[in-house]
Amino acid sequence: MKLICPICGNPLSRINNTAVCPLGHSFDYAASGYLNLNRRQGSAHGDDEQMIKARTRFLESGHYAFLRSALQDTVNSLKPACLADLGCGEGYYTGALDAEEKYGFDLSKTALIHAAKHDHSTQYVLASIFRLPLPDHCLDAALTCFAPCAEDEILRLLKTDGSLIQVTPGRDHLFELKEVLYDTPYRNRTENTLQKLTMTDENVIRSTFTCTQEELNDLFRMTPYAWRTGQEGKKKLQEVSSLQLTAEFIIRTFKR
Ligand SMILES: [Zn+2]
């Protein structure tokens, strides 16, 4: 195990259901299997329970399975020994990826409980992606999928020849949904915003699918539009019985 103590930075080892460091700091594994290494106990927030349930239902519909397959291919081409998913949510993508040693980090307990119960190939950890309980230069690959990208922390964690895989929304991602919600919908801006890592590959993938009313509601709740949309837009969404949508993702690979 590569995890380090969030208090003193020494290596952790597992003894039964506890992770301990040489100085005696100890952290319990939850019944579901995830490990809480969040230093500020009680300050974890992450995504709320209703949103995570909506996201889980939507992902299980399979509409984003094409992204999961594309990420499997990307990771397979890198053959990482150690991989971490930074902002892993309920582990929908993490669990499908192939590495000898895998970690998933998130601040939502609800998401981690779901992840740990359904995927035993990954050690899930409650911790901030801006301060990860991992030693310097331990990762062959890091994944950040629709999550904020802590570039300095990723630079600290990647091995010399390590890679970052980043997934962001494409220009036309869910444009049809925005056409329902807004009078003047905009296309996404898609330029690379990372400054210190060097991009080595960029791949745009897209799929179109039809969403039922229930799926639309779930999808809406997992997007940033849920808190940007006024009552009028939400009302319009309720009047749509089904909608053909485009999902478009940009998968970028970076090296140090
Ligand atoms: Zn310690």
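Visitor: Which residues does Leu139 touch, leaving aside those up to four places away in sequence?

Guide: Two residues are in contact if their C-beta atoms, placed from the backbone, lie within 7 Å. Leu139 touches Cys82, Leu83, Ala84, Leu157, Leu158, Lys159 and Gly162. The model is predicted, with local features needing pLDDT of at least 70 and side-chain atom pairs pLDDT 80 or more, while totals for chains, interfaces and linings use all residues. Numbering starts from 1 along each chain as its sequence is written.

Visitor: Which members of the largest nonpolar core touch the most other members?

Guide: Such a core is a set of buried Ala, Val, Leu, Ile, Met, Phe, Trp, Tyr and Cys residues joined through C-beta atoms within 7 Å. Here the largest core has 57 residues, and Leu83, Ala84, Phe105, Val125, Leu139, Ala142 and Leu157 touch the most other members.

Visitor: Why is strand β5 described as largely enclosed?

Guide: A residue is buried if 20 or more other C-beta atoms lie within 10 Å of its own, exposed if 12 or fewer, and partly exposed in between. In β5 (residues 82-86), 4 of the 5 residues are buried, so the strand is largely enclosed by the rest of the structure.

Visitor: In which sense do β5 and β8 pair, parallel or antiparallel?

Guide: Strands pair if DSSP finds at least two bridges between them. β5 and β8 pair in the parallel sense over 3 bridges, with Leu83 opposite Ala141 in β8. β5 also runs parallel to β6 (residues 101-106), joined by 5 bridges, and Cys82 has Glu101 of β6 as its bridge partner.

Technical notes: Helices (H or I, at least four residues) and strands (E, at least two) are DSSP runs, numbered from the N terminus.
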